[in-house]
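Here's a quick briefing to read with the model open in your viewer.

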Amino acid sequence: MTPVRDGWQTQGGQYEYRVLTIPRSTSRGDARRLLTEEAEYGRWELARTSLYAGGDRKVWLRRKIIRVRSTL
């Protein structure tokens, strides 16, 4: 597995991942709005979530890597 760099990770050449940390102070509505915008405009889908004891959430988003082959 490659190291995470600036919240991005590529794994297996099929998906790219983005890890978001949502602080405890963020309301549920704001978190939902943030994830909805990422899904709608960035074409991300929810891959995994974790809720920590302090109330912080870590969210993994993924999207398919589309490789375009040259036709020249």
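Helices here are DSSP runs of H or I, at least four residues long, numbered from the N terminus. That's how helix α1 gets its name, and it covers residues 28-42. Keep in mind that this is a predicted model.

**A salt bridge inside the helix**

- Arg 33 pairs up with Asp 30 in a salt bridge, with 2.6 Å between the closest N and O atoms.
- Why might these two count as neighbours in the helix? Arg 33 and Asp 30 sit three residues apart in α1, so about one helical turn separates them.
- Arg 33 is partly exposed, at a relative accessible area of 48%.
- Asp 30 is partly exposed too, with a relative accessible area of 39%.

- Which residue does Arg 63 form a salt bridge with? The partner is Glu 16, and their closest N and O atoms are 2.7 Å apart.
- As for solvent, Arg 63 is partly exposed, and its relative accessible area is 23%.
- Arg 62 forms a salt bridge with Glu 45, and here the closest N and O atoms are 2.6 Å apart.
- This one also links distant parts of the chain, with Arg 62 in strand β4 and Glu 45 in strand β3, 17 residues apart.
- Arg 62 counts as partly exposed at 25% relative accessibility, and Glu 45 does as well at 38%.

- Where is Tyr 52? You'll find Tyr 52 in the loop between β3 (45-51) and β4 (57-64).
- Tyr 52 is partly exposed, with a relative accessible area of 42%.
- Setting aside neighbours within four places in sequence, Tyr 52 is in contact with Lys 58 and Trp 60.
- Arg 24 is 28 residues away from Tyr 52 along the chain, and their C-alpha atoms are separated by 9.4 Å.

How values were computed. Residues are numbered from 1 along each chain as its sequence is written. This is a predicted model: local features need pLDDT of at least 70, side-chain atom pairs count only at pLDDT 80 or more; totals for chains, interfaces and linings use all residues. Side-chain values use heavy atoms; hydrogens and water are left out. Buried means under 20% relative accessible area, exposed over 50%, partly exposed in between (1.4 Å probe, protein chains only). Contact means heavy atoms within 4.5 Å. A salt bridge is a side-chain nitrogen of Lys or Arg within 4 Å of a carboxyl oxygen of Asp or Glu.
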